[in-house]
Amino acid sequence: MLRITREGGLALWTVDRPHRRNAMDWATMETFARAVEEACADPTLRVVILTGAEGAFLSGADLYELSSYRTEADGRRLSTLMGEALRRMETAPWISIAAINGPARGGGAEVALACDLRVMAEDADLAFVQITWALPPGWGGGQRLRRRVGLGRAMELLLTARRIGASEALQLGLVERIAPAGQALAVARALAEEILQWDAEAVRAVKALLREGEEMPYEAALAAERERFARLWAAPAHWAAKARFLNRRSM
Ligand SMILES: CC[C@@H](C(=O)O)C(=O)SCCNC(=O)CCNC(=O)[C@H](O)C(C)(C)COP(=O)(O)OP(=O)(O)OC[C@H]1O[C@@H](n2cnc3c(N)ncnc32)[C@H](O)[C@@H]1OP(=O)(O)O
């Protein structure tokens, strides 16, 4: 199951199947996909933290349940359901943070990569183990990994399925912050609070311009960035922030 709690503009999504090390069964994947859609329709949501229950992040898809789904159509249903949900998360107006609190395997590593930001506990690890199941990645993790670490390194990680510890993950640019053991969620919350202090429209603009810049020709991305800047220049939040600076000596 996916447990969802909400505190103001922050939502916490916890994959809660500890007896399976938070492997996602169909019901959890469908709930996850629905949660992404509903979150995209909620203008008050600003940050989603995604984590796993009881010391594991996500161990991918549920290998027990999936062993009864053997056809190509089943494979397509699986890669479409999660592939589309993760893509939607990338274009969502809110910021997603993966709190990697324990092992992330296969599809679990792909989910982490699709988030906007990642905090990883120093004793957690990530592994793209798809090849050990005679599969390539199918939830978009191959493309995301290549864009992040380059072709050769992505090839090496996908073809060895080796475990990547927190300091290597940081060095490779696979995660943005490292947390002490047991503190991934706390550090992710602190990161969320840092983001929540800023103007919501400006945060959305930063995400949008960085995400769209990955997909647009350079000149078009620069033009889109200039346009977003101009729009927010005229917004009240910008002038309120400037007024706080300009008036600070008269207070
Ligand atoms: C189809 C999508 C595909 C993809 O694109 O990659 C996948 O995601 S396939 C799944 C890929 N994931 C894995 O291969 C991970 C397998 N699990 C592990 O390597 C380890 O369990 C762990 C995650 C490193 C945790 O190890 P540990 O802490 O030692 O726990 P256990 O191994 O004892 O597991 C406890 C319990 O959980 C069950 N489990 C773990 N992972 C899965 C899973 N992905 N699906 C179903 N069940 C899982 C494990 O079997 C144990 O239960 P019992 O067998 O009942 O004891």
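In what order do the six strands of the open sheet run? They line up as E1-E2-E3-E4-E6-E9, and the pairing is mixed. Keep in mind that this is a predicted model.

- Strand E1 (2–7) and strand E9 (177–179) sit at the edges, each pairing on one side only.
- Going from one strand to the next, the twist averages 20°.
- Strand E4 (residues 95–100) and strand E6 (residues 117–121) run parallel, joined by four bridges.
- If you want a spot to look at in that pair, Ala99 stands opposite Val119 in E6.

**The helix on the sheet**
- Helix H8 (residues 184–196) packs on the sheet and touches E1, strand E2 (10–15), strand E3 (47–52), E4, E6 and E9.
- The direction of H8 makes about 160° with that of E4.

**Helices H4 and H5**
- Two packed helices are described by the angle between their axes and the distance between the axes.
- Here, the axes of H4 (residues 107–114) and H5 (residues 141–149) come within 9 Å and cross at roughly 55°.
- That angle makes H4 oblique to H5.
- The H4 and H5 crossing is left-handed.
- On the H4 side, Glu110, Leu113 and Ala114 make the contact, while H5 brings Gly141, Arg144, Leu145 and Arg148.

Definitions and conventions
Residues numbered from 1 in each chain as written. Predicted model: local features only at pLDDT ≥ 70, side-chain atom pairs only at ≥ 80, totals over all residues. Heavy atoms only, no water. Axes fitted to C-alpha atoms, helices over the stretch in contact; angles between N-to-C directions. Helix = DSSP H or I, 4+ residues; strand = E, 2+ residues; numbered from the N terminus. Parallel < 35°, antiparallel > 145°, perpendicular 65-115°, else oblique. Left-handed = near helix turned anticlockwise from the far one by under 90°. Contact = heavy atoms within 4.5 Å. Pairing = 2+ DSSP bridges.
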